[in-house]
Amino acid sequence: MEPAAPPELRHLPLSPAVLAILLALAEEEKHGYAIMKEAALPAGGGITLGPGTLYGSLDRLIRDALVEETGFTDDARRRYYRLTQLGHRVLAAETSRLAATLRTARTRTAVREARA
Amino acid sequence: MNSPNAFLFALYRQALRLYPARLRVRYQNQILQTLCDAHAEARRPLLFWPSLFLDLLQSSVKEHLLMTRDRAVRRPILFHALTLGLVLTLMGGAAAVTMQQMLRRGANHPQIEMGRRYAHAIAAGARPQDLFPAERIDLRGSLEPFAIFYSESGDPIASTASLDSAVPVPPSGIFDYARKYQLDMVTWQPQPGVRMAAVLRHVSGPNPGFVLTGRSLLLVEEQEDLLRRGTFITWFVLMGLLALGALFLSRAESHRPLSA
């Protein structure tokens, strides 16, 4: 019998919006607008997230236990979010997956250029 | 700090109702705060509101679709029952409409042949007054087919039927259509409660004009009514059985032992 796949693999591949949100929360907890700003940066994925998309995605990430509310708030309307352990593992797994894809793409591009 | 336009802000707040209630209740305040934060730092104010409303529309549709999918996953029996109900309704509806159309088109049949015969004879030189039987039927009560010949200008010349002692005349648009396409098949209601399947044929030759042949739709409409009632009762019973079945299966599912 095959061993069960690690739970983080069930969430892959991530959509660009979800990857950008997890990436924004990878280092520290953030509130909604801070996540939006981070996601819009080229290094954060360059994704323009509207508030509706952001909170819909956050809601599903909380339901899937990848993100949680910190309970900390500096304003009744500004709540902070952070990655859970599973969220960190999913982000790491997605990063590895993308890195492997990138390596393959670079190798194949290099072979093609060498042949040309 | 520049604050968002009060009208657009209020509009956006109202538009948040497009989201599923659970999501709106939980995140409304945060969404509005994020909007204020984003507005304060917006680099392209002209694009700010359109992109915001576009995002709202797209994400609200997405959230509703995802919510429906989640519900279907959580309650597959209900979802399958609803899908089956929808399919049965569509199929039953299509079958009923088809049968109704067949009944209605069938109501034209004796008149088409009758009209063709009269039109050929008149085009060959016969006078309509000589062709049509002298006795007249009353359109209000008779189920018999009848024929009326109208001149090119739409005046009745000869008729085998009358309504309240006069020969009824259809609207001029029907003559125009038949003049252009030679033939028109319509449901004609010269008076409330008197409906007929009428076929109007344009005739050329020495006695140009129009031959209208028709018959009462009373029987056909009774059959249509019967069909409608039968379809509705069948649909109602089927939906009831489907609901009972879904309820029974849902209860059986929820009471199934975990080890089974």
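Which side chain of chain B does A:Arg78 meet in a salt bridge? I looked this up in the predicted model and found B:Asp37, at 2.6 Å from N to O.

Entry 1, the salt bridge in context. I searched the interface of chain A and chain B by rule and got 6 salt bridges. The search for polar contacts across this interface gave 11 residue pairs, both partners at pLDDT 80 or more. I then asked which elements of chain A supply at least two residues to the side that touches chain B: they are helix 2 (32-40), helix 3 (51-63), strand 2 (67-75) and strand 3 (78-83). Helix 3 gives the most, with 11 residues. I sorted that side of chain A by class and noted 7 nonpolar, 7 polar and 9 charged residues.

I noted 23 residues from chain A and 23 residues from chain B. The two chains bury about 1900 Å² between them, with 46% of it on carbon and sulfur atoms. In chain A, the residues that lose the most area to chain B are A:Tyr33, A:Tyr55 and A:Arg77, together 36% of what that side buries.

Is A:Lys30 buried or exposed? I class A:Lys30 as buried because its relative accessible area is 9%, and the cut-off is under 20%. The A:Lys30 side chain reaches the backbone oxygen of A:Ala24 at 2.6 Å. Leaving out residues up to four places away in sequence, I listed its contacts as A:Ala24, A:Leu25, A:Ile35, A:Glu38, A:Arg79, A:Tyr80 and A:Tyr81.

Definitions and conventions
Residues numbered from 1 in each chain as written. Chains lettered and ligands numbered in written order. Predicted model: local features only at pLDDT ≥ 70, side-chain atom pairs only at ≥ 80, totals over all residues. Heavy atoms only, no water. Contact = heavy atoms within 4.5 Å. Buried area = accessible area lost by both parts, 1.4 Å probe. Salt bridge = Lys/Arg side-chain N within 4 Å of Asp/Glu carboxyl O. Polar contact = N/O pair within 3.5 Å; in protein donor to acceptor, adjacent residues only side chain to side chain. Helix = DSSP H or I, 4+ residues; strand = E, 2+ residues; numbered from the N terminus. Nonpolar A, V, L, I, M, F, W, Y, C, P; charged D, E, K, R; others polar. Buried < 20%, exposed > 50% of the residue type's maximum accessible area, 1.4 Å probe, protein only.
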